[in-house]
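This report describes how selected parts of a structure are arranged. It is written for a reader who meets the structure here for the first time.

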Amino acid sequence: MAILKLDHVVKRFGDFTAVNDLSFDVPEGGIFGFLGGNGAGKTTSLRMALDIIRPTSGAIEILGRKPGRENAAEIGFLPEERGLYRRMSVLDTIVYFGRLKGMEQAEAKKSAERLIERFGLGEWTKSMIEKLSKGMSQKVQVASAMVNAPRLLILDEPFSGLDPVNQQVLEDIVVEMAKAGSTVIFSTHIMQQAERLTNRIVLLSRGRKVFEGTQDEARATLPGRLRLESQADPAGLPGVSSATRAGAADGWTTWEVALKAGSTPGDLLQACTSQGFALRNFESQRPSLHDVFIHLVGGEQETAK
Amino acid sequence: MRNILLVAAREYKYIASTRGFWVMLLVLPVVIGISQVAGRFFRPTLESAYVIVDASGQYEQAIEKRLEINYQRVELSAFSGYVQRWGLEDVKPDAVWAKGDRWFSDDQVAKFIADGGIEAAAELVKPHAPPEAPAYAVDKPNYVRAAIPPGVETSAGPDRFAEGLAPFLLDQIETTQGKRPLSLAIYIPADMGPASPVRMWTNGAPNTTLVDNVRNEITRVMRGKALEASGLAPEQFTAIADMSAPLTLSAPPQGAGREQVVIRSVLPLAMVYLLLVTVMTTGSMMLQSVIEERSNKLLESILAAVHPADLMYGKLIGLGAIGLTILGVWVGAAVGAAVSVQGVVADIVKPSLAAIDQPWMYAAMLFYFVAGYLIISMLYLAIGALSNSLQDAQSYLMPVIMIITLPVVFMMVSVAQQPNGIFPVILSWIPLYTPFAMLARMGAGVSLLEVAGTGAMLAAFVVIEMILLGRLFQASLLRTGQPPKLSGFVAMMFGKTTT
């Protein structure tokens with residue numbers, strides 16, 4: 001079952017189309033990456049899913065229902081632009097958000113106290129937000145999003161503004177939430193984090209979906225690359241698109257090899273073996289999501305230019 | 001509704017935890033308290049002392065008697081007004097003070113003094129006064145005679161007398177009523193005449209009534225002696241001197257006439273003032289609250305769980321409750337002060353409620369108050385939602401405050417003069433000012449028809465304003481960048497915004 005489903009969604013602000021005919025499904029469970037560059041339409045799409053803004057056309061289904069505040073009890077949301085009431089205590093802030101999501105006072109307080117301990121904020125429980133460091137404030141924001149133990153946790157650029165230590169803390173929390181059964185959707189333009197955390201991704205560019213699927217499926221969109229050492233030029237081998245000389249030593253030459261679409265490093269290794277093509281080294285290079293992003297979005301952005 | 005109340009409770013708690021709220025809340029009770037304490041303990045002493053040396057032995061007694069007569073005359077006049085105000089004439093119908101306003105002759109005052117003067121008269125009517133009437137407050141003479149200080153030479157002429165007395169004119173002098181500043185010293189020479197005039201010395205702040213009384217009495221005695229020397233019998237002179245024009249000065253009794261118009265408007269005008277102060281205070285709190293949420297970028301988190309309309313209603317209710325708390329404490333302090341000062345309830349509060357004699361009028365006042373709060377608060381909310389900072393808000397706020405307060409202040413002055421004058425009546429039919437104008441005019445009595453008409457118009461205006469400014473508020477919450485132009489406002493109000 002899809003926990004979030006967008007069906008031909010369009011959102012226009014005046015003459016500007018922020019989201020253009022966007023359709024994708026987020027299956028329940030796991031961590032879903034919502035990727036794209038700045039201005040790709042990620043935040044707008046998430047706001048529409050939460051009914052903060054309404055789509056110009058198309059349909060959205062979240063938790064099997066239409067977007068609306070009645071879903072808030074099962075959703076946790078950490079927006080990209082984050083802030084807190086400066087003169088509210090840590091405990092009151094988290095409890096307040098829990099109450100807004102339909103929790104009873106005692107239940108919200110219990111959950112808030114547990115999260116405060118989990119995030120190492122115990123000694124700051126009754127401190128005003130204005131007394132906290134930025135990192136601590138962000139932990140309070142994350143706790144406010146998670147206080148209702150949401151079935152669906154939506155994090156919009158959650159790592160922006162966090163130092164490496166706190167990024168790691170948040171990564172751990174995201175993984176923990178997913179293991180506990182929550183579905184986590186997070187938007188980011190930092191591909192390394194998406195690569196570490198996500199099972200499935202949607203890649204947006206200029207309001208349009210350019211890819212939806214698993215990380216492996218995303219990598220498969222790129223031609224295979226590998227590095228090998230041989231005495232002969234590999235350019236003539238079956239499946240090789242191009243071979244670039246990268247160095248030479250002891251009569252052996254290092255080649256950067258690009259494969260044709262549909263051809264895998266395994267196919268090339270088999271061809272080398274069957275043809276008696278001498279090899280001293282053979283390294284298959286796995287494309288990163290960053291490479292995929294540049295490959296899929298770079299072209300779009302060039303077109304836009 | 002749950003989230004509306006949660007937002008309202010948070011707003012209330014948040015504002016109530018600020019120092020500004022407590023300062024605002026307590027400022028009036030503290031000022032009232034201080035003024036009462038100050039009034040009781042730090043009332044300036046108006047009484048001053050005088051000394052007199054009459055080397056001729058002819059004037060001193062006459063001056064003392066004249067001062068007493070004139071003092072009792074002033075008291076008698078005030079006391080007869082008090083008797084008339086509280087209907088106490090029947091306590092002693094033949095008493096001079098039971099005849100109403102008039103000029104009291106020396107004979108009448110002398111008889112009044114013979115009957116015990118103002119102290120005795122006040123004691124006489126005291127048991128018969130209605131419970132709401134304050135006891136008649138007898139004012140003591142604001143001058144008291146002092147004995148010549150020891151060591152001051154009185155028999156060696158005015159210059160020696162002045163020399164000996166000089167240090168005392170800069171200081172206080174012992175009297176039968178304690179120490180008082182010596183403001184006047186009088187020396188009447190034995191051979192008083194053009195070559196040897198009466199000498200007076202002051203401390204720079206003389207009691208002019210005392211000076212006039214002394215001068216007039218000396219003149220009067222001198223004229224009497226001159227007329228007596230010319231053959232006029234002393235009785236005739238006294239009859240002529242006491243003669244005054246047969247004039248009766250009539251004015252409405254206390255609490256009636258022009259005074260009644262003002263008194264009747266006291267509470268309604270106080271309501272207008274409180275409404276104005278309440279909406280301006282809570283409005284600025286509302287403004288800060290919205291701007292804080294916008295500038296702190298926490299609106300998106302809230303809007304994921306709370307509908308923008310619920311957020312707006314929650315703020316209106318929460319800050320409305322703050323306004324009512326301030327209002328309640330202020331009114332409580334004012335009522336406490338009114339009750340503690342005897343006569344205020346009877347003289348001001350009751351008359352001011354006289355025209356508001358129907359239960360529906362109280363309902364109407366409550367309606368106007370709430371409607372006034374909503375109209376102004378919505379403007380503040382919309383401005384807050386449009387502004388990125390308090391500096392931004394100031395540019396919108398200043399003209400709005402001017403447009404609201406200036407006509408209201410003029411209207412309040414106008415109502416005190418003429419409650420149903422053309423200006424207050426016109427303002428009653430302009431929705432922005434209707435709550436203020438109608439509240440202010442309530443004291444003078446307004447027709448049910450006018451209340452119904454303005455009420456219906458006001459209710460429609462509030463609904464339309466809530467819809468249009470509500471849309472502006474909701475559409476502006478997540479807006480970034482520079483505030484839109486006028487056409488942008490209109491588009492947002494009519495739901496043509498793209499968000």
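The crossing of helices α14(B) and α17(B) is left-handed. In this predicted model, helix α14 of chain B covers residues 359-386 and helix α17 of chain B covers residues 434-441; their axes come within 8 Å and cross at roughly 155°. Angles over 145 degrees count as roughly antiparallel, and α14(B) and α17(B) are therefore roughly antiparallel to each other. On the α14(B) side, the contact is made by B:Met365, B:Tyr368, B:Phe369, B:Ala371, B:Gly372 and B:Ile375, which meet B:Pro435, B:Phe436, B:Met438 and B:Leu439 of α17(B). By class, the residues of this contact are nine nonpolar, one polar and no charged.

A second pair of helices in chain B is formed by α3 (residues 60-85) and α4 (residues 106-114), which pack at an angle of about 85° with their axes 9 Å apart. Angles of 65 to 115 degrees count as roughly perpendicular, so α3(B) and α4(B) are roughly perpendicular to each other. From α3(B), the residues B:Glu68, B:Ile69, B:Gln72, B:Arg73 and B:Leu76 meet B:Asp106, B:Val109, B:Ala110, B:Phe112 and B:Ile113 of α4(B). The contact of α3(B) with α4(B) divides into six nonpolar, one polar and three charged residues.

| Helix pair | Angle between axes | Distance between axes |
|---|---|---|
| α14(B) and α17(B) | roughly 155° | within 8 Å |
| α3(B) and α4(B) | about 85° | 9 Å |

Attention now turns to where the chains touch. In the contact between the chains, 24 residues of chain A meet 18 residues of chain B. On the chain A side, β1 (2-13) and α2 (90-100) each supply at least two residues. The largest share of that side comes from α2(A), with four residues. Sorted by class, the side of chain A that touches chain B has 13 nonpolar, three polar and eight charged residues.

Chain A as a whole contains nine helices and 13 strands. Of its 305 residues, 41% are buried. Among contacts in chain A with a separation of 6 or more, 69% are between residues 24 or more positions apart.

Strand β1(A) also belongs to an open sheet of three strands in chain A, in the order β2-β1-β4, with antiparallel pairing. Strands β2 (16-27) and β4 of chain A stand at the edges, and because each has a single partner strand, one side of each is left without a neighbour in the sheet. From one strand to the next, the twist averages 15°. Eight bridges link β1(A) and β2(A) in the antiparallel sense. A:Arg12 has A:Thr17 in β2(A) as its bridge partner. Helix α1(A) lies across β1, β2 and β4 of chain A and runs at about 115° to β1(A).

Another open sheet in chain A has four strands in the order β11-β12-β10-β13, and the pairing is again antiparallel. Its edge strands are β11 (240-249) and β13 (279-285) of chain A, each pairing on one side only. Here the twist averages 20° from one strand to the next. Strand β10 (residues 225-230) of chain A runs antiparallel to β13(A), and six bridges join these two strands. One position in this sheet is A:Arg227, whose bridge partner in β13(A) is A:Glu283. Helix α8 (residues 265-275) of chain A lies across β10, β11, β12 (252-259) and β13 of chain A, at about 165° to β13(A).

Finally, two loop residues of chain A deserve mention for their backbone angles. A:Asp51 has a phi near 65°, a positive value in a residue other than glycine. This residue, A:Asp51, lies in the loop between α1 (42-49) and β4 (57-62) of chain A. Is A:Asp51 buried or exposed? A residue counts as buried if 20 or more other C-beta atoms lie within 10 Å of its own; A:Asp51 has 20 such atoms within that distance and is therefore buried. A:Glu157 also has a positive phi, near 50°, and is likewise a residue other than glycine. The loop that holds A:Glu157 runs between β6 (152-156) and α5 (164-179) of chain A. A:Glu157 is buried because 21 other C-beta atoms lie within 10 Å.

Definitions and conventions
Residues are numbered from 1 along each chain as its sequence is written. Chains are lettered from A and ligands numbered from 1 in the order in which they are written. This is a predicted model: local features need pLDDT of at least 70, side-chain atom pairs count only at pLDDT 80 or more; totals for chains, interfaces and linings use all residues. Axes are lines fitted to C-alpha atoms, for helices over the stretch in contact, and angles run from 0 to 180 degrees between N-to-C directions. Angles under 35 degrees count as roughly parallel, over 145 as roughly antiparallel, 65 to 115 as roughly perpendicular and the rest as oblique. A crossing is left-handed if the near helix is turned anticlockwise from the far one by less than a right angle, and right-handed if clockwise. Two residues are in contact if their C-beta atoms, placed from the backbone, lie within 7 Å. Ala, Val, Leu, Ile, Met, Phe, Trp, Tyr, Cys and Pro count as nonpolar, Asp, Glu, Lys and Arg as charged, and the others, Gly among them, as polar. Two strands pair if DSSP finds at least two bridges between them. A residue is buried if 20 or more other C-beta atoms lie within 10 Å of its own, exposed if 12 or fewer, and partly exposed in between; C-beta atoms are placed from the backbone.
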